[in-house]
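My notes follow in the order I looked things up.

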Amino acid sequence: MTTTPGLRAPDTRRRIYRRPEILADRSTHYCPGCGHGIIHRIVAELLDELALGPRTIGVASVGCSVFIYDYLDVDFVESPHGRAPAVATGVRRARPDAFVFTYQGDGDLAAIGTAEIVHAAARGERISVIFVNNGIYGMTGGQMAPTTLIGQRTTSSPTGRDALTAGYPLPITEMLALLPGVSYAARGSIADPGAIGKTKAMLRRAFETQLTGGGLSIVEILSTCPVGWGMTPTASMEHLANDVVGTYPLGVMVDRMASAGRAPKPDPAAED
Amino acid sequence: MTLATDAAPPPVRPVLMKGNEAIAEAAIQAGCDAYFGYPITPQAELLEWMARRMPELGRVFIQAESELGAINMGLGAAATGARVLVSSSSPGISLMAEAMSYMAASELPLVLVNVMRGGPGLGSIGPSQSDYFQATKGHGHGDYRVPVLAPSSIAEAVDLVATAFEIAERYRTPTMLLADGVMGQAMEPVVPTYRLPDRRAHGWELTGAAGRPPRVVRSLHLQPEELEDHNRHLQAKYRTIEEQEVRWAGERLDDAEIAIVAYGTAARVARTAIERARDHGLAAGLFRPITLWPFPTHALASIAERTRAILVVELSAGQLVEDVRLAVGDRVPVFFHGRTGGVVPTPGEVVDALRRAWATSESRPRETR
């Protein structure tokens, strides 16, 4: 077969999906169906879109996502378990011109690190907290976390979490939203493309809160752990969409910058 | 971040200073960019001094929610290349042990002040030296060392604060200034000789990856061979510190038949006891380690060659004495006198201990002279 030079059809393809520049060109160590890949991607997209890469200092926490510094091409410091908000406080105060975020799991933020997150929030530290809640300790083999659902079986609650002996799921983002130092608190999910889009909008708002001089901003992102949950990736997403949101309702809990008129509220007419 | 060139010029006349406040001001004059602390007796005045002075100089001060919070704020600030001071007292230092291990592993410079109080547990608020093991043998987990500087006067503390920053930054290591409740609370007339160590461009500090590849400050190395390589690197650094940074002071050792080994407040008690002993014809001298790690092992061994006995005096049940025994070996007998719980030994009881040590060692044949 021969081709005739000069008679190629014009290339009308449009590139609508590409790897964000901040996202390193490498495969991750995360398990199939793990939500960290999606969340890393939307964080990277936002850092690109807001041109924050050159002034960002991230704080990696302890858990599966500690290796986030291998996947996002920005400066990172690794924190001891649970202490990321304190570390981020030191970073942000010493370098007021930096954009600072922590990336923490629910074991890290809602168990061992409760004092650090509560007091960073109480001080109104100008940091953004990406709080990935999959309701389990993934890295250590799927043990019960404070966020584990009632009745959920884990390797340390083999007959299901019993409120009588193991207490109740901790709605820590709702608790933090009470504090005046928290300028923005919201909960999103990665259960489907629509939810991912909304979660990205929340993260954008959280980042903008820091950039416009607000206090602490936090987005809790409900995520999956198929291996820890003993489910397929598909079943995990369905469980997230159908069951987990029953305990952890989605939505914006507080947006004090908007309510103080320091940033334009989204135009209701522009929605839908 | 304000670089420290704008603090008030140092006084030239003697001023009456409380130890905690002198240490705080010395850190300010040494260019401390950020301070983090939590109230605990007997170091609270250090926090209070910083609370007033740091904001007026445009520098960072935070009273943290806990010692965990304070030291991890310090870790974060240190990761940006800031000159950081954190202070606490014994129970608080235990809480900071975790981050000290992380910072040693991540090679972050920071100066931590421990104004020791009586232990174990909540113990007392009286002066103590019972954190020697903790300070010199490692606060937290893993194979690491931390340089430990032990002043025995407020003027020396002022000087050693600057030295601590120099060592911390030169070797990229957390460094400890080990004082005790007496050092923290006592007031002395001093002519403070403040020093501002040079700023060095590190090349590892986190500033945002503008125009350069990203940097990561971390301590996780999951591959065993990679972690062992990192450990070898750290150990090589510690050997260099052992060669370069040993500090000690001797007093009246030239003709001493018996040497007291003591640091900090215990050394001051020993100094008085030595004068009294000499008044009664017992030629005693003082060997005072200034760096507790690296320990002046070789210097002490050679001093031991020239004496009949060693007496170790501590505000503890016997911790420094273990390093002294390792250094002295079987050259001469090593005796110990210590008080605990916040009790400071009197010069009188140290003189008695000297006499007992002397009587015991005099009756022994001297094999190797």
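This is a predicted model: local features need pLDDT of at least 70, side-chain atom pairs count only at pLDDT 80 or more; totals for chains, interfaces and linings use all residues.

**Domains of chain B**

On the domain 1 side of chain B I found 27 residues in contact with 23 residues of domain 2 of chain B. Helix 5 (132-137), strand 6 (148-149), strand 7 (174-180), helix 7 (181-185) and helix 8 (224-244) of chain B each put at least two residues into that domain 1 side. Helix 5 of chain B gives the most, with four residues. By type, I noted 15 nonpolar, eight polar and four charged residues on the side of domain 1 of chain B that touches domain 2 of chain B.

**The sheet in chain B**

I then traced an open sheet of seven strands in chain B, in the order 3-2-4-5-7-6-13, with mixed pairing. Its edges are strand 3 (60-63) and strand 13 (291-293) of chain B, each of which pairs on one side only.

At one end I checked strand 2 (residues 34-37) of chain B, which pairs with strand 3 of chain B in the parallel sense over four bridges. There I found Tyr35(B) opposite Phe61(B) of strand 3 of chain B.

I also looked at what covers this part. Helix 3 (residues 67-79) of chain B lies across strand 2, strand 3, strand 4 (84-88) and strand 5 (110-116) of chain B. I have that helix running at about 165 degrees to strand 4 of chain B.

**Where chain A meets chain B**

For the contact between chains, I noted 29 residues of chain A against 34 residues of chain B. On the chain A side, strand 1 (56-60), strand 2 (75-78), helix 3 (84-94) and helix 5 (114-123) each give two or more residues. Helix 3 of chain A has the largest share, eight residues. The chain A side divides into 15 nonpolar, six polar and eight charged residues.

How enclosed is helix 3 of chain A? I found eleven of its eleven residues buried, so helix 3 of chain A is largely enclosed by the rest of the structure. I wrote down that the buried set includes Arg92(A) and Arg93(A), along with Gly90(A) and Val91(A).

How values were computed
Residues are numbered from 1 along each chain as its sequence is written. Chains are lettered from A and ligands numbered from 1 in the order in which they are written. Two strands pair if DSSP finds at least two bridges between them. Two residues are in contact if their C-beta atoms, placed from the backbone, lie within 7 Å. Axes are lines fitted to C-alpha atoms, for helices over the stretch in contact, and angles run from 0 to 180 degrees between N-to-C directions. Ala, Val, Leu, Ile, Met, Phe, Trp, Tyr, Cys and Pro count as nonpolar, Asp, Glu, Lys and Arg as charged, and the others, Gly among them, as polar. A residue is buried if 20 or more other C-beta atoms lie within 10 Å of its own, exposed if 12 or fewer, and partly exposed in between; C-beta atoms are placed from the backbone.
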